[in-house]
Amino acid sequence: MTVTLTWSAPTPDSGAMTILEGSTYTLRWSSGQMSTDLAFNAPVSELTITTFGVVPGQLVGTSIGPLDPSVTWYFALKTTDTWGNTSVLSVAATAQSYIVSIPGSGGDSGDVTWADYDRDGDLDAVSGNTNPSAAEVLLRNDSGNFTALSIAGSGGVTNAVAWGDVDNDGDPDILVSNASAQDHNLLRNNGGVFSFENISFSSGHGRQAAWGDYDNDGDLDAFMANGDGTNVGDYLLHNEGGRLKAVKLNPLSGIPSLAGAFGDVDNDGDLDVLVATGGDEYLLRNEGGGTFTKVTVAGTGGSSERVVWGDYDADGDLDAVATNGTGGNMVLMRNDGGTLLNMGAIVGSSGASDAAWGDIDNDGDLDVVTARNNAGPDFILRNDAGTFKRLKMMGSQGQPGTTVDLGDYDDDGDLDVITAEDLTAPDDEFILRNDLNVANAAPSPPTLASLAAVFSYAKSGSTLVFTWDGGSYDGAAATQTMRFGLAVSTYSLTLNADNRYIASLVNSFVVPPMDRVPGFGLPGRPAFKDWGEGTARHGVFLSTRGAALGSPLQWDSTYYFRVQTIDVGLARSSWSDQKQYFLLNPCATRRSVNDGPWSAASTWDWGQVPTDCSAVIISSGTQVTVDIASATASTTSVYGSLLFSLVAHSTLTMVEGDLTVWPGGVLEMGGPISGGAVPNSVKATLNLALGQTSAQYGLLLQPGANFRVQGGADKSPFGYVTESIANAQTFFKVAASSSANWAVGDTVVIGRPGATGAFSAQERKITAVSGTDPRTFTVDGALSARVLASTSAVPVANLTRNVLIRSKGTNVNADSAYVWSSIRHSTGLVIQQGEFAYLGSGTAGVWEKSGVYIGSATGASFSSATFRNGWYGLAFDAVGSTVATSVAALNLSRGVAFGNAASLCRAAESIAIGNQNTGFETSASTGHTLVGLVSANNSGHGIDLDAATTLSSAVVVGNSGDGVNVAVDFPDAGAAVVQGSLAGGNGIDGVHSTGGRTVLKSNSLYSNAGDGVDASGTTAEVVGNTSAGNAAAGFNLSGGPHLAGGNRAYSNLQSGFQSAASSHVFVENYSYSNDRLGFDVRSGSPTWSGGALGRDSSLSPLPNTAGSAGSDAAVTPRAATLLETWVQGFMPLSNLVFDGDAFVSFGHDHATGTVRVQGDR
């Protein structure tokens, strides 16, 4: 090196002299101190300088060289005037080269970067070698002197190296980016000794490599810019328990990337990636879960070789620069609220192949240092209030670097520069030492009181959040510009003597930066935001979203953590005092130990509220109230009382497992223990667990348990439309008395006369309510036309209640839950104003899991309840249970079913609508009473009576099967009675009886697709019914014998009465205006007595018609007996057909007397 020395000419010893003529300066230098005459006079190097015409005070100087740059040189001089007088010894001067060459580090270096790999307190470095035959080189720092050490086993075409502690063992490992279709490598640091590992399936043309915990699971992942003209594609290297697994990064598929770096651009706490592609730069925004969205940074196209993050304007968010190599100046990108804006080129920055941010001049803002890769000397771009001024780095001319990194290797309080040499002799790496007069003072650490840790569990990814206050940690610098290191361990974090370094980081992780790697914290700066505490704080969160692949969080462990402040000059504070947090297993069983709300920690043992993986026990003698809308649990057992709030919306979601109420336990969603009903303004919801198969989980009510539901003010279950509905109309009207408490947001199902089956009913949501009586309800979709008539009703059912028990799964063939009850005491199961949805299994093949199943209960009671969208709505095997004013709708099988073991049950004023099988069903059990039921638009029968049951005052319309199907299997079990009911518009018969004794009385049977009544069972009493407008016969009697008395059949498309197979008795029946015969005897020997054929009950002539010719044939008697029967008109004997033995007698004309005609017997 060459040293230039200058000094001021002395004042002469004679005041009269103004010009010094012939003065001689004796300049001597040595590698030893020269502060005494003895040292000055020792054998040293000497130069004598004589001056002429020099004015006192004028600068005089010379240059000395070449000198060994590795030596510190000391200089001193004496002056001798023309009379031989010599001055005293001058003050000594010292010179040392600020260019430090590292012998033995030579090679074709592709990258160089700092880290304290041996944890001795000073910065070492690693140099990556592009020569495939050469190994990577460690540059070990021993008190400022460097030793070059080859890393055995390494080697390849290395374009980039990056330090990061991949295995959380406390020492930094090296990620190696290889080119030429080679897999990338990891050099694992084992206490200062490195072992080579190949990263499979990661080959390509590796460029820039970057570490970052992109999934916030506490271990370092990496990004590998892997592109050139081959379009190989980039990789995320996901850390799976200390091993890196290559994962293709799809958003850049087909785009060759040249560089990439992690940084939290939007301050949301997770790392995004900035990518240079040789065209526009791209931001890969981290959306969580390993998903990234590509955002173009418009107008930034060029030949970028590196992208580097740095907050140059000190506004708290990360900006960036992209180097442009030989393609021009660097591009500056300013962060505006998470969006990178192209601020244009930085003038004077052309030729930069790499850049690094750092406060070179210790003025508190970030400058940029560039490497120019054989394009000339390297530069500092000094940041002056956001404007960059280029300064040449003296000594870098002729030694231009490929890459550059910053670090205070000599620990003197300023940032030094290390550069990688490529292809330029002597190829040694070199350091440009920074010798500022004013050192960067270290910032202060956060206080212990400001540190906090909060754990939040979620099955999709739990988080452990560490936060600390903002503050003036570095004098006047804004808190959001600070960087921080966070060290976390399950062992106490012991510090070294000056508290700046942690003595051991084994079983620890540091989020960011890694301990003693100064540059690592820049892109990963902890977010400064509101973490849910109401005020902005610095923070870092660890997530278990990658728990299936290995998470650092250890349950039931104490976590120790410290925070260190790092300023823009990379000066570090001491570490904060240590804080600790006990991380309880979030999936451990939680047991209630006190009465209280679900959300209160004091309610539970260990002081922790249950999570969605916690098994829960409600202990006997305790009372827990679900008071929040986000309560979750796994398998839950209730021995005490589990209640739901009456003052706030509350939801308990079973994430996995059954909810079981054991003997003595209480599950109450409104009721006497809670203090009354859940008000209309409050909603209470129980979500049963989503299964992997249907009926995997359920609500299980054991003998001796109690389950009570009491919803809000009484809500009318159903009503009838009061006016016809035009096609595409979006409103309907219902009487006020039938629509009490119907409200906006309620779901309704509207029946449809003239159409059959579940899919003809329409489900809609109420969007507006107006009017008083009738009330007008506007809905969220167009309706099909519905025409009212005296024989067709349009029912509307309301499905919504403010207390809801539902399956979280909605597919009864795949994931639904069920309700099963074996409560046996009469007051144990009481449901009022409750809604049950999506329950039951269509594939389990188990009756007890068919929906809401009531087993061996006595006195179970349901009122104003709804059962919708399940397999079965409600199923009974119980004795003496009741269901009243309730709704079963849109179920994939039956609406309400009474099983073989059920008896003496009662269903009243309830509706089954839009179910895909039977609306109401009673199986082979006895004693049921069904009153005032409505069964409409179901895809099976409207009501199916397979048991001795009394059905009265029912409305059964629009079902795909029979309106009422009677198939009593046990004739001695009593009679099935159907009376006072309407069966109209059904897909087969109005009433079809095939079983034992059946009584059909005073029913109206209109417009069915089959017979009005089809009685083919053992014994039927058909009395006082009206059958009209049916597509087949009004009354069709076979089997038997049966009795038909006082019935009317008119306007049917076939015969009014049809008799076959037995000696049925017809008494006082009227058959008129039918399209075929009034009385059609197909077989057997029936008796017709009284009534009229071709006349109505007032004896008005209304003839029946036989055949298409329209001839008048009131009766075809085949072995039939007609007694005192009115027949329309004079009927010639030729119109009577005798088949076998017959006796015919009829009143021909009452004005003239009775005429009897005897047949062939």
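**Notebook: aromatic rings**

I looked up the rings and noted that Phe836, Phe862, Phe867, Phe876 and Phe898 form one aromatic cluster. I keep in mind that the model is predicted, that local features need pLDDT of at least 70 and side-chain atom pairs pLDDT 80 or more, while totals for chains, interfaces and linings use all residues. Residues are numbered from 1 along each chain as its sequence is written, and side-chain values use heavy atoms, with hydrogens and water left out.

I then found that the structure holds 35 aromatic pairs (rings of Phe, Tyr and Trp, the last by its six-membered ring, with centres within 6.5 Å; planes under 30 degrees apart count as stacked, over 60 as edge-to-face, the rest as tilted). The rings of Tyr117 and Trp163 have centres 6.4 Å apart and planes at 15°, so I recorded this pair as stacked. The pair links distant parts of the chain, 46 residues apart, with Tyr117 in the loop between β8 (109-115) and β9 (124-129) and Trp163 in strand β12 (residues 158-164) (strands are DSSP runs of E, at least two residues, numbered from the N terminus).

I next turned to Phe876 and Phe898, a stacked pair with 5.0 Å centre to centre and 10° between the planes. Phe876 lies in strand β69 (residues 874-876) and Phe898 in strand β72 (residues 896-898), so the pair ties together parts 22 residues apart in sequence.

Key. Helix = DSSP H or I, 4+ residues; strand = E, 2+ residues; numbered from the N terminus.
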